[in-house]
Amino acid sequence: AQNYDVIIFATYRTACKLRFIQKQTHLHQIDIWNMIEAVRENGLHVLEAGAELESERLEHVLTTAFSQLNKRVPLAQAVPVDRCVTLTTNWLMSAYDRESTGHIRAFAVKVALAHLSSGKLVDKLRYMFTLISDTSGHLIRAKFDEYLRDLLMLPAAVYEGTSFRYTEEASRTFFDTKPVTVNDFLSVMTAIPGRQCLMWLPALNRMAHVENVVHPVQCEACRRSSIAGFRYKCRRCCNYNLCQDCFWRGRISGNHSNDHDMKEHTSFRSGSKQIGRSIKKSLDCVPSGKSHKSHGDSQLPHFPDTPQKTLDMSFIVPPSPASGLLNGPKDHPNTHSLEIGSLPQSPHTRALRKRAVSGAAHESSHVDDEHRLIARYAARLAADENKASRSTAELNLSVDNNQVQRELIVQLEAKN
């Protein structure tokens, strides 16, 4: 119905079809980190790459992801969980279960859900690298071949397998250096232009970020007053702009030809900004000492080549709660001294012991101060109560004396 097959460029045609799948299944609303969390909650992170899942377990993973999505978005933006789970399950099974066995590999599920969710392409590729690398942070070539094969099943699922097919020869030409670190992996996978079989992947990521971008420029082919999404400007024709629909389908006007070199724009700069940028580039005539990088490498952050080690929490002494010191028995043993006493003698241990002793002294002095305050407050309440009782007694005595005096006066007046 969208008539994507008339797009003359296979890269944009594949990206448009996969973007359509993302929107229909609402996977574009789930962030990559939330998708990873749903995968871990269902225990898929501990499974081997070759482990197979039944369709019921895949439905559980998707139900978790879409249910958590409805908890984060407003009620008006909630998605129909059952419909999304059914659509996504059926599409993934048709893409990866070609023999209709009712099973799908766990690794293929992770690859598909990670790349069809929203988020930065760098974050998705970093997650994939953790699945295909060893403990030293180096790429395992056999797992990369499996990852590339499963990744290219996505274009094949939208009938673009002839343009982006997997071959063992192409897989071996991705990386020349040994060993391959995470930075090498990211620079190759995000390069523009990259490998021919992966040209659709950066285009799909860019398409998700420019859907709401509006360029206040008229399209020369369809004569729209503004261009939404990508804007393509001819490098030979003066001020000749085309919208993405016209450029993808080969619509032109005037003296422009499809053989002309076009530049893709994802944002709009006004005339004043363009003039200022041109002046800045002309004044910057002294080359910098930094090596020139490609377009894809200049945007990538640098990550540690080796995985970060987990923190050793065995020497961390948890503080005792104040409530336990106040309400517990007096002969309760000190947890600090017990744990630190069992540690080996070292400067670090002595520092911890000294810190624990000073902390215990501080806590005991804090408890004594609280006890003094409580005792002082209780004494003040008792003194106030005694004072109030004495005042009441004196008042009652004065009332009795006045009454006796009145009776004596009455008696005397009666005698007189």
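Reader: Which residues of the largest nonpolar core touch the most other members?

Author: This is a predicted model. Its largest nonpolar core has 88 residues. Phe66, Phe144, Tyr147, Phe185 and Trp200 touch the most other members.

Reader: Which helix gives the most to this core?

Author: Helix H5, residues 106-116, does, with nine residues. The core also draws on two domains: at least three residues come from each of domain 1 (10-208) and domain 2 (212-271).

Reader: Is Asn70 buried, exposed or partly exposed?

Author: Buried requires under 20% relative accessible area, and exposed requires over 50%. Asn70 has 22%, so it is partly exposed.

Reader: Now helix H1. How far does H1 reach from its first C-alpha to its last?

Author: Compare the span with the expected one. H1 covers residues 10-25, 16 residues in total, and reaches 23 Å. That is close to the 22 Å expected at 1.5 Å a residue.

Reader: Is H1 mostly covered or mostly open?

Author: Mostly covered: twelve of the 16 residues in H1 are buried. Among them are Tyr12, Arg13, Cys16, Lys17, Leu18 and Ile21. After H1 comes His26, with a positive phi near 65°.

Reader: Arg13 is on that list. Why does Arg13 count as buried?

Author: Look at the number. Arg13 has a relative accessible area of 14%, so it counts as buried. Its place is in helix H1. Leaving out residues up to four places away in sequence, Arg13 touches Tyr4, Asp5, Ile7, Ile8, Glu160 and Ser163.

Reader: How should I read a pair of packed helices?

Author: Two packed helices are described by the angle between their axes and the distance between the axes. Here, take helix H2 (residues 32-41) and helix H6 (residues 121-131). They pack at an angle of about 30°, with axes 10 Å apart.

Reader: Why do H2 and H6 count as roughly parallel?

Author: Angles under 35 degrees count as roughly parallel. The H2 and H6 angle is about 30°, and H2 and H6 are therefore roughly parallel to each other. From H2, Ile32, Trp33, Ile36 and Val39 meet Asp123, Lys124 and Tyr127 of H6.

Reader: Back to backbone angles. What is phi of Tyr159?

Author: Phi of Tyr159 is near 65°, a positive value in a residue other than glycine. Tyr159 is in the loop between helix H8 (153-157) and helix H9 (168-172). At 74% relative accessibility, Tyr159 counts as exposed.

Reader: And where does Asn239 lie?

Author: Asn239 lies in the loop between strand S5 (231-234) and strand S6 (241-243). Phi of Asn239 is positive too, about 50°, although the residue is not a glycine.

Reader: Finish with the whole chain. How many helices and strands does the secondary structure hold?

Author: The protein chain has 17 helices and seven strands. Of its 416 residues, 33% are buried. Consider contacts between residues at least 6 apart in sequence: 61% of them join residues at least 24 apart.

Terms used:
Residues are numbered from 1 along each chain as its sequence is written. This is a predicted model: local features need pLDDT of at least 70, side-chain atom pairs count only at pLDDT 80 or more; totals for chains, interfaces and linings use all residues. Side-chain values use heavy atoms; hydrogens and water are left out. Helices (H or I, at least four residues) and strands (E, at least two) are DSSP runs, numbered from the N terminus. The expected span of a helix is 1.5 Å times one less than its number of residues. Buried means under 20% relative accessible area, exposed over 50%, partly exposed in between (1.4 Å probe, protein chains only). A nonpolar core is a set of buried Ala, Val, Leu, Ile, Met, Phe, Trp, Tyr and Cys residues joined through side-chain atoms within 4.5 Å. Domain bounds come from an automatic or database domain assignment. Axes are lines fitted to C-alpha atoms, for helices over the stretch in contact, and angles run from 0 to 180 degrees between N-to-C directions. Angles under 35 degrees count as roughly parallel, over 145 as roughly antiparallel, 65 to 115 as roughly perpendicular and the rest as oblique. Contact means heavy atoms within 4.5 Å.
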